[in-house]
Amino acid sequence: LDFMDFMTGNLLLPLGGLLAAIFAGWILSRDMLESELGEGWIMNAWRLVMRWFVPVFLGFILVFGFFDKIQDQYNVQLPGALTGLLGPNKDLPAQ
């Protein structure tokens, strides 16, 4: 069950959100978005966020979720920058 939890929570949900954000931001036409969201700055801001910010943050969630699982599953200490972001492995002794 731990593997299924990891697959759904840390990989499939962020991947589905990433694909939905790419579809909404890059594939849907501007005319379709204007018919749903209306014209103006709100639609432009939403489109900017869906194109540039949401995919980047969901990509971080995907990558760091994967690294966190590797760190916990295989009891390895990740390199310095990743350890600073994810925290030290609780199962390894402090160095």
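This is a predicted model: local features need pLDDT of at least 70, side-chain atom pairs count only at pLDDT 80 or more; totals for chains, interfaces and linings use all residues.
User: What span should the 34 residues of helix α3 have, and what is the distance between its end C-alpha atoms?

Analyst: At 1.5 Å a residue, helix α3 (residues 41–74) should span 50 Å, and its end C-alpha atoms are 48 Å apart, which agrees. The helix bends by about 40 degrees at Met50. After α3 comes Asn75, which has a positive phi, near 50 degrees.

User: Which elements do the buried residues of α3 pack against?

Analyst: They pack against α1 (2–27), α2 (30–37) and α4 (80–86). Among the buried residues of α3 are Met43, Met50, Leu58 and Leu62.

User: Which residues make up the largest nonpolar core?

Analyst: In soluble globular proteins, nonpolar side chains tend to be buried together. Here the largest such core has six residues: Ala21, Ala24, Leu28, Leu33, Met43 and Met50. Helices α1 and α3 each give two or more residues to this core. Apart from it lies another core of five residues, including Phe6, Leu11, Leu58 and Leu62.

User: How many aromatic pairs are there?

Analyst: A pair of aromatic rings is described by the distance of the centres and the angle of the planes. The count here is three. One of them, Phe60 with Phe64, is stacked, at 5.9 Å centre to centre and 20 degrees between the planes.

User: How are Phe60 and Phe64 placed in helix α3?

Analyst: An α-helix has 3.6 residues a turn, so residues three or four places apart point the same way. Phe60 and Phe64 are four residues apart in α3, about one turn of the helix. Phe60 is partly exposed, at 43% relative accessibility, and Phe64 is partly exposed at 21%.

Notes: Residues are numbered from 1 along each chain as its sequence is written. Side-chain values use heavy atoms; hydrogens and water are left out. The expected span of a helix is 1.5 Å times one less than its number of residues. The bend at a residue is the angle between axes fitted to the seven residues ending there and the seven starting there. Buried means under 20% relative accessible area, exposed over 50%, partly exposed in between (1.4 Å probe, protein chains only). Contact means heavy atoms within 4.5 Å. A nonpolar core is a set of buried Ala, Val, Leu, Ile, Met, Phe, Trp, Tyr and Cys residues joined through side-chain atoms within 4.5 Å. Rings of Phe, Tyr and Trp (its six-membered ring) pair if their centres lie within 6.5 Å; planes under 30 degrees apart count as stacked, over 60 as edge-to-face and the rest as tilted.
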